[in-house]
Number of protein chains: 2
Amino acid sequence: MKAQKNIPLRIRRTKPVPASGAGTAVIQQITRAAHSQERAQDYVETIADLIVEHGEARAIDLAKAFGVTHVTVIRTVQRLQRDGLVNTRPYRSIFLTEAGSRLAVQAKARHRVVLEFLMALGVPEGVAKVDAEGIEHHVSPETLEAFQRVLSGA
Amino acid sequence: MKAQKNIPLRIRRTKPVPASGAGTAVIQQITRAAHSQERAQDYVETIADLIVEHGEARAIDLAKAFGVTHVTVIRTVQRLQRDGLVNTRPYRSIFLTEAGSRLAVQAKARHRVVLEFLMALGVPEGVAKVDAEGIEHHVSPETLEAFQRVLSGA
DNA sequence: TTTCATTTGTAGCCTTGACTACATAAGGTG
DNA sequence: CACCTTATGTAGTCAAGGCTACAAATGAAA
């Protein structure tokens, strides 16, 4: 018995697919790349906050801030150290490197703009905070600038 | 020799941390949850597009659209099938279930609003497309509504 | 019908990011 | 100082989402 008639098999196409947009793949690849940096940005931003507020950043505070176990924090911090964003030694607290500080400053500024922008649009604060957390990592310089234009009433 | 003076050790805190926001952890958890649904939404959306454009959705076209290997697509599609969003059988093309279709419609509508919104703000199309791809998954109904208000000139 | 390029599938590996369970260091307190 | 709570670290597991290399099915064409 061959395949049932109502279950389409593959269809051989000679033409290279009528192209649903040339750069589709590239867009997705850029988005995946942005993705892989989200954690790093969230961490350095929170580490910077903790240092300002408490004078030091500790694994347990990061764990509380992110809602994960301390083990997850420790392993993530190890990766950040491997990537040159933080410095830490066993049983000591966590410090930002120069690169980490720069990234934290950028991330924080962008986060603030996105949050203020959403609230300026009338989005309730609670919702805006959640959305900003997810959105910020995908806001390009161009879009950030557009947000700032709106905020400054231009 | 004890620890060097210039490398701070831990500091014992009696108070439960001056609270850098009560719901910080919750926000991050919501963001992580949104995260885990991104691929599913991207896939059903693209599958719907392919069906409209070519009459069927095939693994190789998805691979081209996402810029990944066909193996990644096949394994992702297996997860979507496990989760009840698509139906497929070995060597056959991919179909959306009822649930998958609904999700695709929602995702597509939201994607369109986000893209149009960014372009309405003056973000160049190429950049807007990339940003929309990342942003859309973190846009709550409230924020989406705000975007639509702006688009309708309210 | 046989062949063969294309497509799909399988096996196995890697990284990230999450977890539990257990082990060890730090440092306040009695 | 010894004790004991808190914080940190280690070991091992898991799922998602990537990959390469190889195997098998499809379907068009010779």
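**After a helix in chain A**

Me: What follows α3(A)?
Reply: A:Gly84 follows α3(A), and its phi is positive, near 80°. Keep in mind that this is a predicted model.

Me: How many residues does α3 of chain A have, and how far does it reach?
Reply: Helix α3 of chain A covers residues 70-82, which is 13 residues. From first C-alpha to last it reaches 18 Å, close to the 18 Å expected at 1.5 Å a residue.

Me: Which residues of α3(A) are buried?
Reply: The buried ones are A:Val73, A:Thr76, A:Val77 and A:Leu80. They cover an arc of only 105° around the axis, so they sit on the same side of α3(A).

Me: Why would residues with that kind of spacing point the same way?
Reply: An α-helix has 3.6 residues a turn, so residues three or four places apart point the same way.

Me: And what covers the buried residues of α3(A)?
Reply: The cover includes α1 (24-54), α2 (59-66) and β1 (86-87), which belong to chain A.

Me: Zooming out, what is the secondary structure of chain A?
Reply: Chain A comes to six helices and two strands. Read from the N terminus, the order is α-α-α-β-β-α-α-α. Of its 154 residues, 44% count as buried.

Me: Over to chain B. Where is B:Val73, and is it buried or exposed?
Reply: B:Val73 is in helix α4 of chain B, residues 70-82. It counts as buried because its relative accessibility is 0%, and the cut-off for buried is under 20%.

Me: Which residues is B:Val73 in contact with, leaving aside neighbours within four places in sequence?
Reply: B:Val73 is in contact with B:Tyr43, B:Ala59, B:Leu62, B:Ala63 and B:Val68. As for B:Ala59, its C-alpha is 6.2 Å from that of B:Val73, and the two are 14 residues apart in sequence.

Me: Now the two chains together. How many residues are in contact?
Reply: 60 residues of chain B are in contact with 60 residues of chain A. The chains bury about 5200 Å² between them, with 57% of it on carbon and sulfur atoms.

Me: Which element gives the largest share of chain B's side?
Reply: That is α1(B), with nine residues on the side of chain B that touches chain A.

Definitions and conventions: Residues numbered from 1 in each chain as written. Chains lettered and ligands numbered in written order. Predicted model: local features only at pLDDT ≥ 70, side-chain atom pairs only at ≥ 80, totals over all residues. Heavy atoms only, no water. Helix = DSSP H or I, 4+ residues; strand = E, 2+ residues; numbered from the N terminus. Expected span 1.5 Å × (residues − 1). Buried < 20%, exposed > 50% of the residue type's maximum accessible area, 1.4 Å probe, protein only. Arc of directions from axis to C-beta. Contact = heavy atoms within 4.5 Å. Buried area = accessible area lost by both parts, 1.4 Å probe.
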